[in-house]
Amino acid sequence: MSASQVEQLEQLEQLGQLEQLAPARPQRLQRIEWRRLCLSSVVLAAITALILWAAVADLLQQGRLAAVLSAGWGELAAPLLIALVVATGICERIWPAEPRPVLARGHVQDACYLALHAAVVIPLMTLLSVGAASLIGSHARWLELRATAHWPAWLIIPLTIVAMDAANWLAHFADHKLEPLWRFHALHHSQEELSVLTSFRAHPLMHTTGFILATIPVVILIPTRAIAPVLITIYVCIGTLQHANLRWTFGPVGRVIVSPAYHRLHHATDNQAVNLGVVLTIWDALIGYARFPARRHPVGRTGLDGRPVPVEQDGPPRPALLLLADQLAEPFRTHR
Ligand SMILES: [Zn+2]
Ligand SMILES: [Zn+2]
């Protein structure tokens with residue numbers, strides 16, 4: 001079948017006329033579906049698989065796969081983080097920015113993302129950082145700054161965490177500026193009912209660029225040392241609190257640390273080009289992207305205008321897991 005015939009079939013399908021061609025439907029439709037698979041998303045999935053393969057091969061060779069995965073859960077599902085999520089959930093019931101039922105559709109859907117995060121995303125994140133470090137270590141060893149080996153830990157470790165936050169800001173900036181990355185990041189922004197659980201509403205493939213970029217300062221600054229797991233957990237806790245359904249601005253501290261009110265402005269329906277900070281606001285302030293909220297400001301709507309990603313608030317309720325599968329498949333479709 002020629003390209004023009006396939007195009008004609010697509011047009012007929014859009015017009016709802018494909019029924020007339022019923023005998024030939026399965027094979028032709030299959031070809032059309034493949035033509036609709038988004039190439040850039042497939043490439044990102046392939047890059048992610050490559051990094052994961054490098055990590056698993058490396059760790060299996062060293063006999064450390066189980067230990068590293070367990071350490072990853074220790075950092076990213078630490079009791080401190082679980083306690084923070086529970087405490088924030090209680091605060092949301094007492095002082096909500098937007099009052100809504102506990103079982104609001106957005107909360108139920110984001111709880112599914114929390115389960116996905118615990119089962120799939122935490123091991124993925126752990127292997128991504130190991131794989132990125134392994135690839136950078138074997139192909140770009142010249143990046144390592146050996147002089148910092150003599151610097152005291154109280155100086156070099158905070159410096160590395162600040163540099164990692166800058167890398168995370170850059171990855172977030174790229175998520176908004178580059179269409180192939182926005183396809184994956186849009187799911188996070190599609191939430192119309194923000195809560196602390198929205199921190200876990202992210203496509204697993206959204207993390208690839210962030211972990212590659214955040215590994216670079218670690219390889220440069222502390223090639224022979226490690227950041228204490230508790231510091232990573234504290235960093236993740238601050239990053240998790242920002243989605244809370246609270247009006248908290250953190251007062252003067254909010255000029256430096258991202259608060260729920262500050263991050264809510266980034267989730268506005270019509271403008272996501274401000275407040276890209278992950279934990280620190282300084283990168284936004286330096287570039288001129290910072291908009292600091294005040295408690296007197298009204299609570300704005302969140303989500304994406306036009307609902308380009310299927311959302312739970314749209315139409316009659318759908319089974320949460322079916323919708324989750326639909327949302328995860330969305331970046332791979334070309335018809336948006
Ligand atoms: Zn964003
Ligand atoms: Zn967010």
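**View 1. The largest nonpolar core of the predicted model.** Of the 20 residues that make up the largest nonpolar core, Leu128, Ala132 and Phe211 are those that touch the most other members. At least two residues of this core are supplied by each of α3, α6, α7 and α9, and the largest share, eight residues, comes from α6. The structure shown here and in the following views is a predicted model. As a general background to this view, nonpolar side chains tend to be buried together in soluble globular proteins.

**View 2. The chain as a whole, as a setting for the other views.** The chain contains 13 helices and zero strands, and from the N terminus on its elements therefore read α-α-α-α-α-α-α-α-α-α-α-α-α. Of the 336 residues in the chain, 31% are buried. Among the contacts with a separation of 6 or more, 76% are accounted for by residues 24 or more positions apart.

**View 3. The crossing of helix α6 with helix α9.** Two packed helices are described by the angle between their axes and the distance between the axes. The axes of α6 (residues 105-139) and α9 (residues 207-221) come within 9 Å and cross at roughly 50°, which means that α6 is oblique to α9. This crossing of α6 and α9 is right-handed. On the α6 side, the contact is made by Leu124, Met125, Leu128, Ser129, Ala132, Ala133, Ile136 and Gly137, while α9 contributes His207, Thr208, Phe211, Ile212, Thr215, Ile216, Val218 and Val219. Sorted by class, the contact of α6 with α9 has eleven nonpolar, five polar and no charged residues.

**View 4. Phe211 and the residues it touches.** Which residues does Phe211 touch, not counting those up to four places away in sequence? They are Met125, Leu128, Ser129 and Ala132, each of which is also listed on the α6 side of the contact with α9. An α-helix has 3.6 residues a turn, so residues three or four places apart point the same way.

**View 5. The crossing of helix α6 with helix α13.** Helix α6 also packs with α13 (residues 320-329), at an angle of about 70° and with the two axes 10 Å apart, which means that α6 is roughly perpendicular to α13. Here, too, α6 passes α13 in a right-handed crossing. The contact is made by Val108, Gln109 and Cys112 of α6 together with Ala320, Leu321, Leu323 and Leu324 of α13. By class, the contact of α6 with α13 has six nonpolar, one polar and no charged residues.

**View 6. The buried residues of helix α8.** In α8 (residues 179-189), the buried residues are Leu181, Arg183, Phe184, His185, Ala186, Leu187 and His189. These buried residues of α8 pack against α3 (39-62), α7 (153-177), α9 and α13.

**View 7. Two loop residues with a positive phi.** Phe250, found in the loop between α10 (229-241) and α11 (260-266), has a positive phi of about 65° although it is not a glycine. Asn275, found in the loop between α11 and α12 (282-287), has a positive phi of about 55° and is likewise not a glycine. Is Asn275 buried or exposed? Asn275 has 24 other C-beta atoms within 10 Å and is therefore buried, whereas Phe250, with 16 other C-beta atoms within 10 Å, is partly exposed.

Terms used: Residues numbered from 1 in each chain as written. Chains lettered and ligands numbered in written order. Predicted model: local features only at pLDDT ≥ 70, side-chain atom pairs only at ≥ 80, totals over all residues. Axes fitted to C-alpha atoms, helices over the stretch in contact; angles between N-to-C directions. Helix = DSSP H or I, 4+ residues; strand = E, 2+ residues; numbered from the N terminus. Parallel < 35°, antiparallel > 145°, perpendicular 65-115°, else oblique. Left-handed = near helix turned anticlockwise from the far one by under 90°. Contact = placed C-beta atoms within 7 Å. Nonpolar A, V, L, I, M, F, W, Y, C, P; charged D, E, K, R; others polar. Buried ≥ 20, exposed ≤ 12 C-beta atoms within 10 Å, placed from the backbone. Core = buried A, V, L, I, M, F, W, Y, C linked by C-beta atoms within 7 Å.
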